[in-house]
Amino acid sequence: MTLLEFNGPGLSEEQWKAVRGVATALKPQQALWLSGYFAGLADAARPEAAHAVPAGLPPAAGLSARTLTILYASETGNGAGLARRLADRARAAGLDPLLADMADYKPRRLKEEQDLLIVASTHGEGAPPTSAAGFFEFVEGRKAPRLEGLRYAVLALGDSTYEFFCGAGRRIDDRLAALGAERLRDRVECDVDYDEPAAGWIDAALAALGPVAGAAAAPVPAVPAAPVATVHDRTNPFPAIVIENLPLTGRGSSKETRHVELSLEGSGLTFAPGDALGVMPRNDPALVEALLSALGLSGGETLELKGAETTLGRAFGEGLEITAATPRFLERWAELSGAAALKDLAGDARSAFLRENHVIDIVRRYPARGVDAAALAAGLRPLQPRLYSIASSVTAIPDEVHLTVSTVRYDLNGEERFGVASGQFSRHAGPETVLPVHVQENPRFRLPADDAPIIMIGAGTGVAPYRAFLQEREARGTAGRSWLFFGERNFDSDFLYQTEWQGFLKDGVLSRMNVAFSRDGADRTYVQHRLMEEARDVYAWLEEGAHLYVCGDGAKLAPDVHRTLLAIVEAQGRCGKAAAADYLGALQESRRYQIDVY
Amino acid sequence: MTLLETDRSRDISQPLERLSPDETMKVESDQLRGTIAEGLAAPLTAAVPGDDIKLMKFHGLYQQDDRDIRDERRRQKLEPAYRFMARVRLPGGVLTPSQWLKLDALARDHAGNTLRLTTRQTFQLHHLHKKNLRAVMQGLRDVLLDTKAACGDDARGVMASINPALSALHAEVYTLARAASDHATPKTGAYPEIWYGEERQARGEGPEEPMYGRTYMPRKFKIGFVIPPVNDIDVHAQDLGFIAIVEDGRLVGFNVAVGGGMGRTDQAPKTYPRLASVIGFVAKDRVIETCDAVMGVQRDYGDRADRSRARFKYTVDDKGLDWIKAAIEDRLGFALEAARPYAFTTNGDTLGWQRGEDGREHYTLRVENGRVRNFEAVALFDGLRAVAEAHRGTFRVTPNQNLVIAEVEAADRPAIAALLNAHGLDALNGGSGLRRNSMACVALPTCGLAMAESERYLPVLTDKIDAILAAHGLSDEPITIRMTGCPNGCARPYIAEIALTGRAPGKYNLYLGGGFAGQRLNKMVLENVAEPAILALLGKVIADFAGNRRPGEHFGDFAIRAGHVAEVTEGRHFND
């Protein structure tokens with residue numbers, strides 16, 4: 001490749017050889033990352049431009065052609081100790097291994113790995129240590145990527161008095177092979193006195209990695225020709241498969257909020273943090289049945305919808321809104337049923353009636369048999385996609401989109417009723433369910449420059465875009481400070497994504513976090529109370545250029561937070577009410593105060 | 001006496017970097033303060049950070065989580081349902097009705113409507129949320145209770161025989177147990193500062209902990225007082241046991257037993273249970289001095305490099321019993337007298353009413369595995385509250401996790417009996433001889449150490465063994481059976497006639513051959529097996545026992561004589 005024949009500005013022959021050795025072994029994503037890495041180094045080294053190679057770079061001869069990662073799953077610390085020993089030995093051999101506990105390792109990174117050495121302890125009956133359960137779940141699950149190109153070896157630890165001796169090690173060894181990875185060395189299974197066999201495996205595994213400097217350079221894979229992309233948008237949504245759908249709210253919660261993951265693989269869809277996903281739901285099959293039965297229709301009646309012929313059953317299922325009724329439906333049904341009481345409804349009485357009666361209730365209360373399917377359908381609105389703030393970053397998690405969905409559920413006329421989409425997520429959207437989706441851009445809710453501080457305020461599912469924000473910032477390795485205010489009802493059950501925020505804090509991706517749980521104490525505490533408690537620092541952050549985000553309930557949260565911000569600016573900025581309003585107005589105009597409410 | 005020569009390479013004389021990290025943790029804790037106060041206030045987690053988990057044990061608190069839902073919550077991206085267990089310090093297990101009522105109220109408000117009686121005669125409150133800990137500790141203070149040193153590297157709650165019959169003797173021994181407990185309780189101001197919000201006192205000269213120093217004990221240290229012939233406290237399982245010697249109806253002093261302990265680790269032969277060795281006799285007015293001397297020897301010579309070998313029992317075996325005895329006598333400044341004769345007949349409780357020599361009545365109520373709550377069949381929690389509201393005497397928690405309604409005036413007995421009957425509590429004293437002598441630790445779902453079920457499973461297993469016993473006409477035969485969810489030994493399993501310790505869900509080690517009076521260790525006969533294998537072997541031994549036992553012969557003795565298991569004569573041979 002011509003790219004590699006150019007020996008750079010002032011690089012010695014030896015330096016160039018080393019650079020070329022590295023470059024030929026890289027995957028495209030790694031090359032991209034390294035270009036940024038070198039750019040950063042060059043920036044850092046600029047004052048001392050005399051250095052051709054910045055200090056701190058490892059000597060060229062020590063660079064391995066392949067990356068090495070050492071992962072361990074440890075219950076009692078034995079596995080961790082062996083992994084450390086292995087890492088020390090690898091370093092002594094001139095390698096630069098990344099050593100990580102499976103508990104802290106993001107398994108999605110697996111497909112970037114080249115050489116992987118695993119020390120896996122077994123806990124109980126063939127299971128991995130609890131800390132590694134997430135890793136195993138990913139690798140053994142359907143989301144695991146193909147791992148061709150990965151070379152690996154497994155050291156299994158166990159206790160032979162247990163039935164499934166070294167079960168965890170066996171499982172991971174078999175699974176990696178099944179995913180297409182190349183086994184460098186046969187697995188070694190160690191009993192409670194593991195020292196000797198483990199030492200033997202360490203020697204063998206390191207030897208199997210091959211010589212360090214002269215590693216054969218893998219050819220740069222040819223960039224596949226980009227397929228002609230089908231554009232998916234609102235009118236041509238992408239059929240996305242549900243790959244995860246579980247409640248985030250724990251036992252005893254007064255509500256249900258779910259985490260949903262959809263696969264976008266092959267869609268060509270992309271999105272930015274802050275965007276929303278439009279999801280076209282299906283009506284509850286039981287409701288379709290009930291409505292057809294109340295109408296005395298079979299569902300096989302044909303009609304035309306959006307220029308195509310379909311059946312009434314299908315139209316009820318995926319073409320029309322059949323839950324809440326509209327004035328148009330009321331008029332249409334008054335005609336079809338001849339119910340005088342409906343004809344006379346108007347004004348507030350009609351609004352109240354529509355609040356208390358869905359389509360099914362009206363059809364039941366004012367029955368009419370054998371109505372014309374097309375005439376009925378004309379009174380119903382086309383089913384609309386529901387919009388959800390996206391809770392994931394495509395930079396961090398390619399080919400997937402995550403949502404945070406609050407289940408809408410209430411009683412009406414003696415029956416439990418559900419929101420159309422949230423009800424589907426709650427009850428009828430197991431794995432393999434296909435949902436038509438499209439991306440809805442939201443340019444008014446965007447991350448600022450990487451180094452700008454951000455203050456994120458959200459309640460309930462309003463925290464979803466902030467998960468995307470932080471995933472994005474983590475993936476980009478940005479330096480900007482971040483502060484999250486989160487509110488919900490109960491700490492124990494409703495702390496949405498709790499362990500993820502804890503992880504972001506630990507890793508420094510999130511700088512600060514304040515929480516308010518309104519139903520834990522006698523006095524109801526909301527996010528604005530926490531903001532007020534932190535008034536001085538909030539104001540200081542704003543003065544330092546922080547961008548401010550508010551996401552959640554439009555009726556309560558946004559106005560309450562706004563009032564609180566006014567009070568903070570007024571008090572901390574020692575200015576009048578009008579000046580405080582101007583201050584926030586200016587923030588909004590300069591896009592430093594962005595609101596996404598629903 | 002001359003200074004005793006010995007290997008000091010693993011004890012307190014060494015620099016911290018040569019000792020276990022826990023020693024550094026203790027030194028750096030500012031006498032158990034650490035960052036506990038800050039951790040309690042941390043709003044993003046219901047847990048406390050890092051070393052505070054260990055430090056809080058010294059305050060009687062264990063961080064736990066509901067293991068039944070641990071994996072479910074992990075998937076839900078929620079941290080484990082962290083809760084705390086508070087263990088009360090209750091020397092001799094004696095408490096007043098007003099103390100019971102306070103524990104009852106705290107349990108209803110904060111501890112999941114349940115109390116747990118323990119094998120060391122005290123209470124555990126489980127399911128406590130971090131944010132409620134101060135309220136619980138202050139509630140306990142209101143009735144003069146606390147949780148000091150109920151866990152941690154210190155002298156744990158001191159045990160004493162319940163002895164309902166010998167009223168005066170019980171009073172005298174209990175008073176000594178209480179004095180020993182008070183004497184050995186840590187003196188740090190950390191406890192009132194953290195839990196009661198008291199200001200830190202400016203201190204004068206001298207260390208804050210005159211006896212413990214900055215590194216406390218190498219590990220936990222257990223003291224108990226027993227009144228023969230009932231070995232209810234399992235004196236041989238104590239680090240330091242006092243065996244009451246009564247002559248001419250008067251307490252004259254105690255035989256001193258040292259180096260008992262249960263905890264061991266699977267697959268680690270250097271760890272083993274050990275029965276305390278009797279080394280001599282002291283007069284009753286020498287008890288506190290003896291505690292100081294024995295604890296001092298362990299404090300100064302115990303292994304602080306390897307926590308799995310830090311209990312006093314290993315110090316005794318490593319240094320030799322003669323050396324230990326000499327070291328104790330060196331500190332006492334006098335030689336121990338020769339041990340006096342004593343005999344134990346059982347380590348169980350006598351259930352039901354007993355009359356004391358002073359004419360007062362005592363009712364021992366069986367509380368299965370110490371669990372007090374409202375069960376479907378019987379509202380034990382409510383029933384005991386009703387008893388406490390009416391009762392004018394005291395309660396005693398027994399070392400077998402049962403409860404004595406003690407010191408009932410003869411005139412009050414009918415009223416108490418009527419209450420027990422009205423709430424169905426008197427029916428709890430039934431069951432087979434095996435069930436009445438069964439004991440399990442808490443284990444799942446709260447205990448972080450458990451590898452298998454214990455409290456929730458032993459009653460189920462006992463039903464199945466009962467069926468075998470019934471088939472052989474042995475339903476009333478008293479046989480001790482104990483189960484723990486891990487090898488650490490909270491239910492003192494290694495001295496039961498039948499014992500099970502958990503290895504994995506549904507899998508246990510089975511041990512046979514312990515002494516009925518707690519006088520002999522048992523031995524493992526099956527390792528890491530499930531219920532069918534356990535029942536098959538027990539069925540075989542029970543059938544043999546039914547056919548070939550000698551008159552009055554206990555199950556554990558028979559199992560050895562008939563060759564079903566080898567006798568263990570010393571702890572260090574437990575793993576042979």
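The legends below describe close-up views of a predicted model, in which local features need pLDDT of at least 70, side-chain atom pairs count only at pLDDT 80 or more, and totals for chains, interfaces and linings use all residues. Residues are numbered from 1 along each chain as its sequence is written, and chains are lettered from A and ligands numbered from 1 in the order in which they are written.

**View 1. The contact between chain A and chain B.** Chain A supplies 22 residues and chain B 19 residues, where contact requires C-beta atoms, placed from the backbone, within 7 Å. On the chain B side, two or more residues each come from α4 (70-75) and β20 (523-529) of chain B; α4(B) gives the most, with 4 residues. Helices (H or I, at least four residues) and strands (E, at least two) are DSSP runs, numbered from the N terminus. This side of chain B divides into 8 nonpolar (Ala, Val, Leu, Ile, Met, Phe, Trp, Tyr, Cys, Pro), 4 polar (the others, Gly among them) and 7 charged residues (Asp, Glu, Lys, Arg).

**View 2. An open sheet of 5 strands in chain A.** The order is β19-β18-β17-β20-β21 (chain A), with parallel pairing; strands pair if DSSP finds at least two bridges between them. At the edges, β19 (512-517) and β21 (593-597) of chain A each have a single partner strand, so one side of each lacks a neighbour in the sheet. From one strand to the next, the twist averages 10°.

**View 3. Strands β17 and β18 of chain A with helix α15.** β17 (454-459) and β18 (482-488) of chain A pair in the parallel sense over 6 bridges. Gly458(A) has Phe486(A) in β18(A) as its bridge partner. Helix α15 (464-476) of chain A packs on the sheet, touching β17, β18, β20 (547-552) and β21 of chain A. The directions of α15(A) and β17(A) make about 150°, with axes fitted to C-alpha atoms, for helices over the stretch in contact, and angles running from 0 to 180 degrees between N-to-C directions.

Notes: Contact = placed C-beta atoms within 7 Å.
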